[in-house]
Amino acid sequence: MMMLEKLLGVERSRKFHRALRNTKTSLLCFLLTILVLRGTIGAGNYGTPEQDFNQLRLKLHFPPKRVLPHRPDPNNINKPYTYTLGPKISNWDKQRANWLNKQQNPNNNNNNNNNNKKKPGVLLVTGSSPKQCENPVGDHYLLKSIKNKIDYCRLHGIQIFYNMALFDAEMSGFWAKLPLIRKLLLSHPDIDFLWWMDSDAMFTDMAFELPWERYKDYNLVMHGWNEMVYDDKNWIGLNTGSFLLRNCQWSLDLLDVWATMGPKGKVREDAGKVLTSYLKGRPVFEADDQSAMVYILATQREKWGDKVYLENAYYLHGYWGILVDKYEEMIENYHPGFGDHRWPLVTHFVGCKPCGKFGDYPVERCLKQMDRAFNFGDNQILQIYGFTHESLASKRVKRVRNETSNPLEVKDEFGLLHPEFKAAKL
């Protein structure tokens with residue numbers, strides 16, 4: 001002590017001793033931390049430092065974000081990375097046919113008489129983000145949207161699947177539907193068609209039955225126009241917010257090609273540049289599923305075009321901006337069952353984003369028009385039971401039919417209580 005004071009001076013000597021005490025305290029804390037970690041995580045099979053390190057690395061290992069780890073071998077640098085939705089399947093038609101044959105075996109208790117079905121088995125698929133809506137009222141409108149779809153599916157004998165899980169973190173946003181669709185096609189070989197519908201689309205013609213016979217030779221049905229897709233190469237030549245996809249090998253192959261533009265990051269950004277340069281009228285932004293489909297059909301028509309039906313005889317997708325303000329006129333002059341401009345099958349609120357705080361249109365306008373669309377469709381359901389909304393803008397309902405002691409003799413206005421277009425027992 002005296003020696004240090006002589007060498008360093010009193011003030012420097014005190015600083016030195018203070019630093020020494022702090023170092024001792026830090027070492028003691030470090031040793032105590034190691035002891036606690038060893039007690040909590042374990043000391044390995046033999047209590048060696050190497051075992052401790054391996055155990056700690058396993059405990060603190062974070063799994064990758066991707067749920068489906070189907071990447072090329074990273075050790076083989078000669079193979080370029082190409083995204084895939086899953087293991088390559090080349091014989092799905094055969095696998096599915098064998099499965100269906102087993103189900104139709106008279107000795108199988110699961111036989112559901114698929115041969116006697118009046119129309120194909122259909123699974124309507126929709127969904128929303130696993131996170132709560134940023135807009136406080138957004139979840140309420142999602143509830144209205146799924147209620148609307150359940151009503152239509154119940155009337156038409158269609159199964160429904162609502163998804164809130166992100167199956168693959170790389171396929172976010174527009175692209176999240178693709179891994180889901182593939183998984184459902186493979187998991188439900190009993191369905192003939194999968195019908196995808198966005199959460200911001202609503203059924204507004206509860207009586208319209210799709211012309212299934214028209215699509216017997218096609219695998220993909222989308223709302224669109226041949227001239228706009230194949231001749232003009234217009235990025236809005238079709239819409240992917242509501243479409244039908246047959247459960248077959250062709251569809252799996254198409255999904256594989258479609259998905260290559262979807263992985264977020266550089267792949268999606270570079271693909272967006274290609275789409276913008278090739279497609280008419282497309283703004284500059286990352287690749288989206290709709291533009292990608294137009295691009296695939298326009299550049300590979302020989303491969304895919306013969307099995308794609310672009311429907312415009314009715315509104316498989318109907319843009320809300322040209323429809324919602326005409327509902328009163330439709331009610332006055334027409335009735336459900338047309339599916340077209342007279343009474344649209346689907347009203348799609350493209351660009352509204354009710355779950356977010358911002359969209360392409362004012363939020364108040366979108367929510368007001370969504371209320372009108374919901375009530376327009378809901379009135380067709382309520383009239384079955386003798387009620388209707390007081391107006392398209394009102395949540396309140398009023399009675400339009402008196403009660404009777406012979407309820408089974410009552411006929412609802414649009415014939416939706418016991419419709420003939422229901423599928424046979426699924």
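This is a predicted model: local features need pLDDT of at least 70, side-chain atom pairs count only at pLDDT 80 or more; totals for chains, interfaces and linings use all residues.
Visitor: Why is helix 8 called roughly perpendicular to helix 10?

Guide: The axes of helix 8 (residues 249-259) and helix 10 (residues 289-299) come within 10 Å and cross at roughly 115°. Angles from 65 to 115 degrees count as roughly perpendicular, and therefore helix 8 is described as roughly perpendicular to helix 10. The crossing of these helices is right-handed.

Visitor: Which residues of helix 8 and helix 10 meet?

Guide: From helix 8 come Leu254, Val257 and Trp258, and they meet Asp289, Ala292, Met293 and Ile296 of helix 10. The residues of this contact divide into 6 nonpolar, no polar and 1 charged.

Visitor: What makes strand 3 largely enclosed by the rest of the structure?

Guide: A residue counts as buried when its relative accessible area is under 20%. In strand 3 (residues 193-197), 5 of the 5 residues are buried, so the strand is largely enclosed by the rest of the structure. Phe193, Trp195 and Met197 point one way from strand 3, while Leu194 and Trp196 point the other way, and all are buried.

Visitor: How do you know that strand 3 pairs with strand 1 and with strand 6?

Guide: Two strands pair if there are at least two bridges between them. Strand 1 (residues 122-127) is joined to strand 3 by 4 bridges, and these strands run parallel, with Val122 standing opposite Phe193 of strand 3. Strand 3 and strand 6 (residues 238-246) are joined by 5 bridges and run antiparallel, and here Trp196 stands opposite Phe243 of strand 6.

Note on methods. Residues are numbered from 1 along each chain as its sequence is written. Side-chain values use heavy atoms; hydrogens and water are left out. Axes are lines fitted to C-alpha atoms, for helices over the stretch in contact, and angles run from 0 to 180 degrees between N-to-C directions. Helices (H or I, at least four residues) and strands (E, at least two) are DSSP runs, numbered from the N terminus. Angles under 35 degrees count as roughly parallel, over 145 as roughly antiparallel, 65 to 115 as roughly perpendicular and the rest as oblique. A crossing is left-handed if the near helix is turned anticlockwise from the far one by less than a right angle, and right-handed if clockwise. Contact means heavy atoms within 4.5 Å. Ala, Val, Leu, Ile, Met, Phe, Trp, Tyr, Cys and Pro count as nonpolar, Asp, Glu, Lys and Arg as charged, and the others, Gly among them, as polar. Buried means under 20% relative accessible area, exposed over 50%, partly exposed in between (1.4 Å probe, protein chains only).
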